[in-house]
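Thanks, everyone. Let's walk through one protein chain, and please keep the viewer open while I talk.

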Amino acid sequence: MSLVQESSYKVDSLIAQDIDAYLLKHQHKSLLRFITCGSVDDGKSTLIGRLLYDSKMIFEDQLAALEADSKKVGTQGQNIDFALLVDGLAAEREQGITIDVAYRFFATEKRKFIVADTPGHEQYTRNMVTGASTADLAVILIDARKGVLTQTRRHSYLAHLIGIRHIVLAVNKMDLIGYDQGKYDAIVAEYQQFATSVGIEHFTPMPISGYVGDNITASSDNTPWYTGAPLVEFLENVELDVTANQAKPLRLPVQWVNRPNLDFRGFSGQIASGVVRPGDVVRVLPSGKTSTVSRIVTFDGDLQQAVAGQSVTLCFTDEIDCSRGDIITQADAPVQVADQFEATIVWMADDAMTPGRSYWIKLGTRTVSASIQAPKYQINVNTLEHAAAKTLELNAIGVANITTDRPIAFEPYEENHTLGGFIVIDKMTNATVAAGILHFSLRRSQNVHWQALDVSREVHANLKNQKPAVLWFTGLSGAGKSTIANLVEKKLVRMNRHTFLLDGDNVRHGLNKDLGFTEADRIENIRRVGEVAKLMTDAGLIVITAFISPFRSEREMVRKMMAPGEFFEIFIDTALEEAERRDVKGLYKKARTGELKNFTGIDSPYEPPNDAEIHIDTAKLTPEQAADLIVERLIP
């Protein structure tokens with residue numbers, strides 16, 4: 001090897017070592033997730049663009065494109081418009097606003113950052129909640145010319161509600177008010193008064209200019225009266241939530257049961273809080289079974305210790321039942337288990353919440369069916385008053401009780417964000433319609449328990465020599481539900497079957513006489529009938545119901561109450577024109593003239609079954625033929 005080659009080889013080796021050292025150092029930097037929020041045009045996108053620019057996280061081609069775009073669609077004349085680095089949607093650039101949540105990565109010598117730029121418009125509040133849900137810190141921006149606005153209060157309240165401990169009050173655009181300390185102090189004082197009223201115990205104010213760069217990466221000569229740290233320095237040194245979580249008891253929501261072969265069985269997930277080591281005694285909830293950790297397995301090999309924030313697979317010394325959605329906890333410090341809760345809910349859908357309707361609720365790694373009751377109250381973010389409300393509209397914040405279809409393991413949100421925060425999913429559209437936090441379990445969920453009975457439902461069914469079932473007739477008013485249901489019951493009785501017919505009109509004379517015909521009342525009507533039908537199947541009966549039951553979600557709710565194979569949805573399919581022609585009760589006529597509101601088929605929707613067990617087309621079958629077909633399907 002020549003001297004030149006040897007020298008070149010040494011240089012390459014040194015470069016490779018430097019790269020490896022840099023990558024290793026970068027890999028072990030801590031990561032801070034934060035959001036920028038506030039009202040419209042407070043400068044959120046410009047601030048993030050400035051952070052990216054000053055941290056040298058922009059490539060040359062990106063900078064060239066930014067300079068060109070700034071001249072075409074920018075708002076700063078011929079100067080660079082840093083907001084364009086974040087506002088990527090065409091609609092955002094045209095209007096100069098943020099619509100969607102934009103995530104950006106940058107890094108300094110001390111720390112890595114993921115920042116979410118959230119929209120300021122009220123109609124996009126749900127996007128702000130999405131960005132805040134994973135954040136450790138919130139930068140609340142205020143336009144120094146405008147002061148504290150409604151969205152400032154709303155976003156501050158939501159950030160505090162979601163549990164963000166670190167809040168920076170960035171009074172932006174100080175250059176536009178001549179760096180006036182008096183105006184700055186007045187804004188901070190006004191915000192302090194609001195923050196105290198909502199329970200924000202501490203926040204860090206700082207005067208900045210995202211466009212000029214004052215107090216972003218270095219202290220500005222324009223604000224000699226400000227003695228605090230610049231924004232980047234503060235972000236580099238603030239304590240991370242994951243550090244605080246390590247001091248709490250072990251909580252690991254099971255995401256996946258890892259069973260690659262017959263010789264290995266582990267439970268995978270990300271540790272939400274605490275520390276775990278081989279030999280630790282753990283408890284699995286909600287079952288309550290205990291075991292001992294035998295191994296902590298990762299892709300890079302076994303660990304002798306794992307802490308909050310790490311994703312691991314735990315192996316146990318015992319073969320106990322543990323599945324997705326269960327929580328692995330410290331044995332002597334378990335979480336609570338309940339099925340009824342009080343919660344704060346942020347409604348994020350265009351369609352209002354329907355009290356009593358069955359939704360999916362996803363908490364941690366577990367998804368359960370749940371119903372939300374009418375709100376106890378709605379919170380006015382401007383005055384913080386508790387206002388009466390029958391439902392929650394888009395962007396409304398309210399407190400309500402929630403009942404799940406089975407007990408779930410949880411912790412209050414203020415103690416554990418992972419096990420206390422949830423999202424609400426519409427069962428029909430699979431759209432996320434709300435986010436919420438659990439306060440506590442209701443006392444009745446702890447004090448009311450199932451009583452063990454010696455005579456089981458199987459004994460009741462055997463005494464009657466039949467299999468319990470629910471024949472759920474659904475269809476428009478006048479479709480022929482009650483007529484066919486009555487014929488079915490008479491045929492079953494002649495076959496010595498034990499039956500009971502629950503008719504829609506009849507139950508409204510007693511059980512449901514307090515209910516009207518609003519959407520919420522219709523849902524409660526079906527829920528009560530479903531519970532009664534379930535009790536009757538426990539008694540071994542064949543229950544026949546005849547209800548319009550217009551909503552698929554409520555029929556599905558009743559189906560889930562029953563044992564598998566015992567619910568038969570029977571769609572009495574009659575055209576609206578034919579049902580209206582019959583109109584034996586004169587209801588359609590009243591609905592057409594406006595005398596009868598919320599009437600199904602006229603001013604209230606009917607959702608036909610997608611996959612009913614029995615479909616009766618009354619245009620092709622007589623009532624007698626339909627009844628024969630149903631009985632034959634039930635008892636071949």
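Start at the end of a helix. After α15 comes G540, and its phi is positive, near 90°. Keep in mind that this is a predicted model.

Now the helix itself. α15 covers residues 519-538, 20 residues in total. How far does it reach from its first C-alpha to its last? The answer is 29 Å, close to the 28 Å expected at 1.5 Å a residue.

Which residues of α15 are buried? They are R522, I523, E524, N525, I526, R528, V529, G530, A533, M536 and T537. An α-helix has 3.6 residues a turn, so residues three or four places apart point the same way. What covers the buried residues of α15? The cover includes helices α12 (457-464), α14 (504-507) and α16 (552-561). It also includes strands β24 (469-474), β25 (499-503) and β26 (542-546).

Zoom out for a moment. The protein chain holds 19 helices and 28 strands. It has 636 residues, and 49% of them count as buried. Take the contacts between residues at least 6 apart in sequence: 72% of these join residues at least 24 apart.

Next, the cores. In soluble globular proteins, nonpolar side chains tend to be buried together. Here the largest nonpolar core has 42 residues. Touching the most other members are I35, V129, L169, Y191 and I397. Elements that each supply at least two residues include β1, α5 (125-132), β5 (166-172) and β21 (397-410). Which element gives the most? That is α7, with 7 residues.

Pick out I397. Leaving aside residues up to four places away in sequence, I397 touches Y157, L158, L161, T344, I345, V346, Q378, I379, V381 and L392. A second, separate core has 24 residues, among them M353, L363, V368 and L392. So much for packing.

How many cavities of 30 Å³ or more does a search of the whole structure find? It finds 1. The largest cavity has about 40 Å³ of space. Its lining is R33, F34, I35, Y103, I114, A116, G131, T134 and A135. Two elements give two or more residues to that lining: β1 (30-38) and β3 (111-117). The largest share, 3 residues, comes from β1.

One link to finish on. I35 lines the largest cavity, and I35 is also among the residues that touch the most other members of the largest nonpolar core.

Conventions
Residues are numbered from 1 along each chain as its sequence is written. This is a predicted model: local features need pLDDT of at least 70, side-chain atom pairs count only at pLDDT 80 or more; totals for chains, interfaces and linings use all residues. Side-chain values use heavy atoms; hydrogens and water are left out. On a 1 Å grid over the protein atoms alone, a cavity is a set of points where a 1.4 Å probe fits but cannot get out, and a pocket is an open set with protein on both sides within 12 Å along at least five of seven lines; lining residues have an atom within 4 Å of a point. Grid points are joined across faces, edges and corners, and a volume is the space filled by probe spheres set on the points. Helices (H or I, at least four residues) and strands (E, at least two) are DSSP runs, numbered from the N terminus. A nonpolar core is a set of buried Ala, Val, Leu, Ile, Met, Phe, Trp, Tyr and Cys residues joined through side-chain atoms within 4.5 Å. Buried means under 20% relative accessible area, exposed over 50%, partly exposed in between (1.4 Å probe, protein chains only). Contact means heavy atoms within 4.5 Å. The expected span of a helix is 1.5 Å times one less than its number of residues.
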